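Hello,

Here is the structure you asked for. Please keep it open while you read my notes below.

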Amino acid sequence: MEDYPDIDLAEFIDHALLIPIATSEQVIQWCDEADRFKFPAVCVFPCHVRQAASLLHNRRPQVCAVIGFPSGATTSAVKLYEAQEAVENGATELDVVINLGWLKAGKTDELHREIAEICDATGQPVKAILEMSVLTDAEKQLAAEVCMDAGVAYLKTHTGWNGGVTVNDVRFLREMTKDRIGIKAASGIRTAEQAIELIVAGATRIGTSRGPDLVRQRVRLEEEKKAEG
């Protein structure tokens, strides 16, 4: 892989704490790390939003809440309420899982309405999670088109429950979006090299629970290159 010395990984990372057993102590740790490394956001479940927002008040990292996570199969009314409550509690970004069953059944009007209502009602940037590993290419394209038309700020590749992101996933979305909105690559990103490859492919955010480790890996790689001369 090329060096890409101009890529600062910290500028791309959504520091994710999305395990069901996450504790308040871990929220403190994740927020501290996000602030220390100047990550764009911390990504948490709605029950942790108020705490994260308090910890990060007047700090650079945004508080991102996941909505309908991870299945996307709750009702539209529940997703809308969850999103509005998260924003009231301090979330300034929302990662919303689309209704995959509707997509596969061709219910694009329902899918569009659900996402558009959340975008309009909250007024916050929405990242629509497509779960690309379970979609055909035609479904990926349809989902991207519907979500962009509904007003999302980003398309996100995966939740993490069914497969990890690939470079081809990101390239596909970049071709679809033509840089009109952001692309968040998420799930299974374990190395700095992998993260950089995804950024080069078109990712504008990297969703991972390993943000600090990836940044440290990146620093070590650069130091090794310099030592080699």
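E131 sits in the loop between β5 (126-129) and α6 (137-150). Helices (H or I, at least four residues) and strands (E, at least two) are DSSP runs, numbered from the N terminus. The phi of E131 is near 55°, which is positive, and this residue is not a glycine. Most residues other than glycine have a negative phi, and most peptide bonds are trans. Is E131 buried or exposed? E131 is buried, at a relative accessible area of 0%. Buried means under 20% relative accessible area, exposed over 50%, and partly exposed in between (1.4 Å probe, protein chains only).

A word on the source. This is a predicted model: local features need pLDDT of at least 70, side-chain atom pairs count only at pLDDT 80 or more, and totals for chains, interfaces and linings use all residues. Residues are numbered from 1 along each chain as its sequence is written, and side-chain values use heavy atoms, with hydrogens and water left out.

Now look at S187. Its loop lies between β7 (182-186) and α8 (192-201). Phi of S187 is near 95°, again a positive value in a residue other than glycine. S187 counts as buried, with 13% relative accessibility.

Next, a peptide bond. The one from F69 to P70 is cis, and its omega is near 5°. P70 belongs to the loop between β3 (62-67) and α3.

Then the helix pairs. Axes are lines fitted to C-alpha atoms, for helices over the stretch in contact, and angles run from 0 to 180 degrees between N-to-C directions.

Start with α3 (residues 76-88) and α5 (residues 108-122). Their axes come within 10 Å and cross at roughly 25°. That makes α3 roughly parallel to α5 (angles under 35 degrees count as roughly parallel, over 145 as roughly antiparallel, 65 to 115 as roughly perpendicular and the rest as oblique). Which residues of α3 and α5 meet? From α3 come S76, K79, L80, A83, Q84 and V87; from α5 come E114, E117, I118, A121 and T122. Contact means heavy atoms within 4.5 Å. By class, this contact has 5 nonpolar, 3 polar and 3 charged residues. Ala, Val, Leu, Ile, Met, Phe, Trp, Tyr, Cys and Pro count as nonpolar, Asp, Glu, Lys and Arg as charged, and the others, Gly among them, as polar.

Last, α1 (residues 24-37) and α9 (residues 211-228). Their axes come within 10 Å and cross at roughly 35°. E33, R36 and F37 of α1 touch P212, V215 and R216 of α9. That contact has 3 nonpolar, no polar and 3 charged residues.

Best wishes
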